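Please read it with the sequence and the model at hand.

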Amino acid sequence: MEKEHSERYDIAIVGSGPAGLMAAVFASRQGTKVVVFNSTEQISNLALAHSIGNHPGEIKIAGVELLQKMQEQAENMKVNVLYERVVSIEKADSDFLIKTSSNKEYTSHAVILATGQMNRRAGVLGEDKFSGKGVSYCALCDGPLYKGKRVVVVGGGDSAVTSAIALKEMGVGEISILHRRSDFRAEKANLKRLEDLGIRKIKDSVIEEIIGDKFVKGIRIKNLNTEQVTEIQTDAVFIEIGYVPTTEIAKTLEISLDKEGFIKVNSRRATNVPGIYAAGDVTNSQYKILVSAYADGAMAAINAADYVSKLKGQKFTPKIYHE
């Protein structure tokens, strides 16, 4: 099959989460020609959020609804959103050659990586065998399948606690949350909600094995204090133990990563590779929160636009507010 060649862009944004879409809005505002690559193979973690309570101006909003609004805003500003997965980016003279899973090629003067994070796997016996058969990494996606049934959520941070809360609100029956430590790291408000809903907490314990036949039937857990192994019957296991950055493309470009694998950026959100910027959860920013993603995206876009202007020999004046 012959490759299809498409048009040239000033700025290409890989990722359509909050950082990527905010970058698109601000890049367009600078007068640049912008494309966003929205891969359906990696859904933004924001889309999986059952309810968001820390978004400015919104008491409560679903993550998928918020992303839809942001994409509509970007498209209204003439940003081209393509539902294609970027498989590689290569340096080509002063530009970057972008190849996608649709066998198409694009070029851009600058690139903003906003590829986010993916769920961390537990690495226990039975996890791979029962993936999609009772083992899930998305409570919002799969929770409705377990109404009135028993589930176990694994993890002790906000992602685990909010997933347990969301499952209860969906009508899931008996819910337990399993954590390897005695203290949960989630926000106090979320922990109070957990208590109010009567969700069972199993502390100081880890999964030894996920068991079943065609589908999950239970788990074997070990208490880290007593080393006692017990079996719990459950219809599903929701694994919420954190995330790992999505940096496969960054690695091929020899972009510098920190010891945890996140992309290193400076105050301009620039990487060590000229013309490539990064924003949001994939970077080594201290806080992985929504408003930080917005700020990252905006700064990456403005500085990428500055870079493009210099390539074209043009004067750059940042446009921050509507005129």
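Contact, as the word is used here, means heavy atoms within 4.5 Å. The model under discussion is predicted, and every value below has been computed from it.

**Helices H4 and H5**

By that criterion, Asp-158, Val-161, Thr-162, Ala-164, Ile-165 and Glu-169 of H4 meet Asn-190, Leu-191, Arg-193 and Leu-194 of H5. Sorted by class, the residues in this contact of H4 with H5 comprise five nonpolar, two polar and three charged. The axes of H4 and helix H5, the latter covering residues 188–196, lie 10 Å apart and form an angle of about 35 degrees, and H4 passes H5 in a left-handed crossing.

Ser-159 is also part of helix H4, which covers residues 158–169. Between the C-alpha atoms of Ser-159 and Asn-190 there are 10 Å in space, while 31 residues separate the two in sequence. When residues up to four places away in sequence are set aside, Ser-159 touches Glu-240 and Tyr-243.

**Helix H1 and its two partners**

Two packed helices are described by the angle between their axes and the distance between the axes. The table sets out these values for the pairs treated in this report.

| Helix pair | Angle between axes | Distance between axes |
|---|---|---|
| H1 and H7 | roughly 40 degrees | within 7 Å |
| H1 and H2 | about 25 degrees | 9 Å |
| H4 and H5 | about 35 degrees | 10 Å |

Helix H1 spans residues 18–29 and helix H7 spans residues 290–311. Because angles under 35 degrees count as roughly parallel, and the axes of H1 and H7 cross at roughly 40 degrees, these two helices are oblique to each other. H1 passes H7 in a right-handed crossing. On the H1 side the contact is made by Pro-18, Ala-19, Met-22, Ala-23, Phe-26 and Ala-27, and on the H7 side by Leu-290, Ala-293, Tyr-294, Gly-297, Ala-298, Ala-301 and Ile-302. This contact of H1 with H7 has 12 nonpolar residues, one polar residue and no charged residues.

From H1, the residues Pro-18, Leu-21, Met-22, Ala-24 and Val-25 meet Leu-67, Met-70, Gln-71, Gln-73 and Ala-74 of H2. Eight of the residues in the contact of H1 with H2 are nonpolar, two are polar and none is charged. Pro-18 and Met-22 of H1 are among the residues that meet H2, and they are likewise listed in the contact with H7.

Glu-84 lies in the loop that joins strand S3 (80–82) and strand S4 (86–92). Its relative accessible area is 6%, so Glu-84 is buried. The side chain of Glu-84 makes a polar contact, at 2.7 Å, with the side chain of Thr-100. Leaving out residues up to four places away in sequence, Glu-84 touches Phe-37, Asn-38, Ser-39, Thr-100, Ser-101, Ser-102, Lys-104 and Tyr-106.

Val-87 belongs to strand S4, and with 40% relative accessibility it counts as partly exposed. Under the same exclusion of residues up to four places away in sequence, Val-87 touches Lys-99, Thr-100 and Ser-101. Thr-100 and Ser-101 are also among the residues touched by Glu-84.

Asp-93 sits in the loop between S4 and strand S5 (95–100), and at 77% relative accessibility it counts as exposed. Although Asp-93 is not a glycine, it has a positive phi of about 60 degrees. A positive phi, near 55 degrees, is also found for Asp-204, again a residue other than glycine, and Asp-204 is placed in the loop between strand S11 (200–202) and strand S12 (205–212).

**Ile-239 in strand S15**

Is Ile-239 buried or exposed? Ile-239, in strand S15 (residues 236–239), has a relative accessibility of 1% and therefore counts as buried. Apart from residues up to four places away in sequence, Ile-239 touches Asn-119, Arg-120, Ala-122, Glu-127, Val-135, Ser-136, Tyr-137 and Val-154. The C-alpha atom of Ile-239 is separated by 24 Å from that of Ala-293, which is 54 residues away along the chain; Ala-293 is one of the H7 residues in the contact with H1.

Methods. Residues numbered from 1 in each chain as written. Predicted model: local features only at pLDDT ≥ 70, side-chain atom pairs only at ≥ 80, totals over all residues. Heavy atoms only, no water. Axes fitted to C-alpha atoms, helices over the stretch in contact; angles between N-to-C directions. Helix = DSSP H or I, 4+ residues; strand = E, 2+ residues; numbered from the N terminus. Parallel < 35°, antiparallel > 145°, perpendicular 65-115°, else oblique. Left-handed = near helix turned anticlockwise from the far one by under 90°. Nonpolar A, V, L, I, M, F, W, Y, C, P; charged D, E, K, R; others polar. Buried < 20%, exposed > 50% of the residue type's maximum accessible area, 1.4 Å probe, protein only. Polar contact = N/O pair within 3.5 Å; in protein donor to acceptor, adjacent residues only side chain to side chain.
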